[in-house]
Amino acid sequence: MIRNLAVRLGSLFGREQQERELDAELRYHIDMLTEQHVQRGMPRELARREAMRLFGPIETVKDDVRDTWLSRFLEVAAQDVRYGLRSLRRSPGLSLVVILTMALGIGANTAIFSVVNGVLLRPLPYKGGERLVELHQGAGDPTDPANDLGFSVKDIADYRLSRSFSDVVEFHSMLFTLLGRAEPLRVSTGVVSANYFDVLGVQALHGRTFVEADDRPGAPAVLVLTYDSWVRQFDEDPLIVGKVFRLNDRPHTVVGVLPPVPLYNPQGSAAVDVFMPTSACPFRSRQSFVDSRSARMMSVVARVRPEATLLKSAADLDITAARLTKDYPKDYPQRDFRAVGLPLKDEMIDSFKPTLWTLLGTAGFVLLIVCASIANLLLARMARREQELSVRAALGATRARLLRQLLTESLLLAFAGGLIGLGLSALAMRLLVAFAGRFTPRAGEITIDLTVLAFTFGLSVLTGLVFGSIPAFSQRISAAPALRDGRRTSPAGQRLRRVLIVAQIGASFMLLIAAGLTLRSLMQVQNLDPGFRTEQLLTFSADMAFDRFPLTLKAADRRAKQSEYWRALEERLRALPGVATVGAAGTFPLNEAPPFNGRIVREARPLPPGVQPPAISVRIATPGYFTTLGQPLLAGRVFRAADSAAGPEVAIVNRTAARMYWPGENPVGTRIDSGNDTLITIVGVVADVRQQLDRAPGAEVYLPLFQSPLLQSTWILKTDLPARELEQSIRAAAHAHDADLPVSSFRMLEDVRSTTLTPRRVVVALIGMFGLLALVITAAGIAGVVAFSVNQRTQEFGIRMALGAQRGGLLSLVLREGLLLVVTGLGLGAAAAGILTRFVGQVLVTANPQANGPLLVGIPPTDMVTYIGVGATLILVALAACALPARRAATVDPMVALRAQ
């Protein structure tokens with residue numbers, strides 16, 4: 001084998017020498033035979049003729065030997081390519097249609113695969129990323145956000161003792177105010193243990209990351225900037241390392257800038273701006289916080305030891321969780337308390353997976369339809385070349401030689417389509433990265449790399465072989481039939497074209513069903529009543545500096561001062577010209593901020609030991625919040641100015657919470673235990689609002705901001721002024737109130753509502769675009785098949801006309817035949833859709849275009865309106881596609897047809 005390979009390779013570089021050696025070898029064999037005959041007594045001349053006869057045709061033997069040479073293979077391949085190019089040039093229209101159709105199919109698949117490759121297939125850009133896991137602990141399923149308790153400092157210390165993990169890092173995010181620039185800056189801060197970057201294997205782009213000394217109590221405060229923050233907020237300052245900013249009333253020195261790597265924030269969707277060690281966090285560094293097992297606000301990432309497995313680490317987590325519940329029953333009273341670890345890679349892309357698989361499956365469907373359509377076009381082209389192939393076969397061309405020529409032409413078309421498709425996907429790359437960035441921090445890794453290029457090349461080869469093999473292997477390639485009867489096509493070819501069209505229609509029907517369902521779902525979501533008004537409402541964030549009222553103050557005094565702080569700001573805002581009403585809250589509906597969950601128990605109705613009350617969303621609001629937002633009051637009252645830190649604690653619940661906790665009762669006047677041994681009186685019930693448009697309202701309890709003041713607040717102003725004009729007034733009022741108060745994120749609530757549906761619109765637009773593409777390709781295929789049939793039957797139509805057939809009858813005949821294909825395809829497509837309904841429905845319901853909501857909202861996967869509408873559309877399009885060839889059949893001149901006969 002090695003010798004044969006050497007001979008094949010050697011043929012590339014020494015063709016003349018090999019030819020000389022071949023001639024010499026053949027002469028040697030003939031001379032040997034001649035000598036044998038001479039030795040037997042035969043005259044030399046006669047002996048040589050006999051040797052030549054026995055040896056056979058010299059050139060045939062030479063060709064057989066040359067066929068084993070690689071140079072011969074390349075030479076023949078080059079001949080096939082040149083002939084194929086000439087053949088394609090003779091049909092420029094058909095070639096262009098095939099190439100463009102291929103470009104659309106391959107381009108769509110390449111674009112989606114580039115996202116799959118960058119987000120799903122590529123390993124994490126962290127050291128040993130496949131061994132990193134994120135830990136969760138809680139009752140039942142800890143991976144459910146409602147059950148995940150988070151980790152305390154002591155919890156993390158216990159898990160660090162696990163034999164399965166070589167490293168355990170802690171993380172939590174907070175908003176702080178950074179001072180020392182022209183304006184105070186609100187920064188999302190990742191508070192991490194000193195080993196955070198070492199465990200991830202992330203090196204600083206400038207300066208350094210944290211060292212152990214940075215995390216010691218009393219160490220000088222330091223910061224590491226993310227790459228995005230360095231570019232966006234610090235203008236890529238090359239001298240940023242070493243600069244000092246004030247944060248939480250302490251000087252913080254910037255020690256490093258990170259490279260552009262994906263940074264996972266397990267505690268929210270907000271991207272981290274800066275990192276600080278745990279010793280610099282005013283909350284995390286308190287001794288009382290460190291000593292408390294119930295102070296759980298951290299997330300944990302761990303590295304599984306090389307000698308351990310994920311299964312072994314899961315067993316160790318179970319052992320640790322069981323020990324904690326046994327040793328500290330008061331701190332872990334939950335039944336079924338357990339801990340689990342999930343691969344960090346899955347955690348970073350979990351919300352994006354269903355959407356991505358849906359898009360990839362849709363693009364694959366389009367490619368199948370493209371292959372079927374192109375195969376049909378090539379079948380029609382093959383019918384016109386049947387005589388050419390028969391002549392070539394009669395001249396000695398073997399079937400293998402002709403099939404190779406046909407496949408070469410198909411591959412040429414596929415490569416051209418793949419090249420253009422690659423260009424189309426490159427043009428869409430920026431949009432794809434922006435789209436994926438809504439779902440995963442790994443969007444920056446999406447690019448066209450060698451893997452994507454290999455995928456495109458492989459897809460081009462595969463599709464070229466698929467759509468090229470169907471007409472090539474279905475064609476009878478022999479000299480006799482076509483030369484004898486002159487037929488231009490075979491019945492088998494016609495049947496195959498009809499089968500392909502029926503398959504196209506069935507696949508298009510299923511694809512259009514998916515597009516129709518998602519489109520109707522989008523319309524349903526857009527028309528949903530969120531339960532509040534969005535018109536003329538301006539929102540912005542204001543974040544109180546942590547050091548404004550330090551933790552050294554008594555808790556009651558600090559709450560009172562913070563309440564007065566926000567109340568004074570509210571008065572300034574209310575006094576601005578053009579402002580009708582003012583409200584504030586922790587967040588506002590349709591915001592992407594994750595909810596804060598709590599648990600409440602009704603007074604005198606304690607739950608059994610170990611049973612945790614269901615999670616309820618806790619929201620903070622001012623008295624003007626409900627009026628400004630237009631959230632109706634159903635019972636009792638809204639908050640008043642008297643609901644301050646000095647007054648009795650009160651709360652308001654929404655309709656869902658009232659129905660869940662007070663079924664058949666009026667909750668107003670009852671009291672709840674928030675878990676802090678404090679009884680809170682329910683003073684009102686408000687209507688439900690949708691926090692996410694595609695999610696049903698959940699149970700909510702509202703607490704007054706002036707009793708539960710926050711460091712970060714969101715304000716809502718009702719105004720008839722332009723947002724930009726009012727923004728300047730708000731900044732001036734906020735800075736007059738406190739020069740160190742950062743205000744940011746100015747947005748009109750109408751814009752927020754529109755933006756929150758952007759990912760869903762993009763997904764629906766992509767699926768719809770794929771469906772429309774399938775419809776156009778299928779319509780073109782139907783028209784092509786019907787037109788080809790009409791062309792083949794021109795003489796038949798002429799005879800029918802001569803025998804008295806009416807033009808209307810012929811028109812109806814052609815339309816009926818086209819419609820029969822459509823109805824058959826629809827029937828098969830409906831049957832396939834019925835079989836796949838459960839699976840497809842699950843995918844569409846699971847697909848999550850907004851990380852919170854399913855793709856189908858309010859529309860069942862078996863929605864009959866969509867099925868009937870799509871079927872009717874396909875029939876109308878098919879009739880339109882058949883109309884032109886049917887009209888041509890009805891206008892056949894019988895005399896012309898009979899003369900041709």
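This is a predicted model: local features need pLDDT of at least 70, side-chain atom pairs count only at pLDDT 80 or more; totals for chains, interfaces and linings use all residues.
Local features need pLDDT of at least 70 and side-chain atom pairs 80 or more, while totals for chains, interfaces and linings use all residues. Residues are numbered from 1 along each chain as its sequence is written, and side-chain values use heavy atoms, without hydrogens or water.

**View 1. The second largest pocket takes up about 480 Å³.** A pocket here is an open set of points on a 1 Å grid where a 1.4 Å probe fits, with protein on both sides within 12 Å along at least five of seven lines; lining residues have an atom within 4 Å of a point. This one has 22 of them, and A111, A428, L432, L766 and M769 sit nearest the centre. By type, the lining splits into 18 nonpolar, three polar and one charged.

**View 2. Strand β3 (residues 185-192) has partners in β2 and β8.** Strands are DSSP runs (E, at least two residues) and helices are H or I runs of at least four; two strands pair if DSSP finds at least two bridges. With β2 (residues 165-179), β3 runs antiparallel through eight bridges, and F176 faces V187. With β8 (residues 274-277), β3 runs parallel through four bridges, where G190 partners F275. Seven of the eight β3 residues are buried, so the strand is largely enclosed by the rest of the structure. (Buried means under 20% relative accessible area, with a 1.4 Å probe and protein chains only.)

**View 3. Helix α26 (residues 794-802) buries F797, G798 and M801.** They cover an arc of only 100° around the axis, which puts them on the same side of α26. Just past the helix, G804 has a positive phi of about 110°.

How values were computed: Grid points are joined across faces, edges and corners, and a volume is the space filled by probe spheres set on the points. Ala, Val, Leu, Ile, Met, Phe, Trp, Tyr, Cys and Pro count as nonpolar, Asp, Glu, Lys and Arg as charged, and the others, Gly among them, as polar. Buried means under 20% relative accessible area, exposed over 50%, partly exposed in between (1.4 Å probe, protein chains only). The arc is that of the directions from the helix axis to the C-beta atoms.
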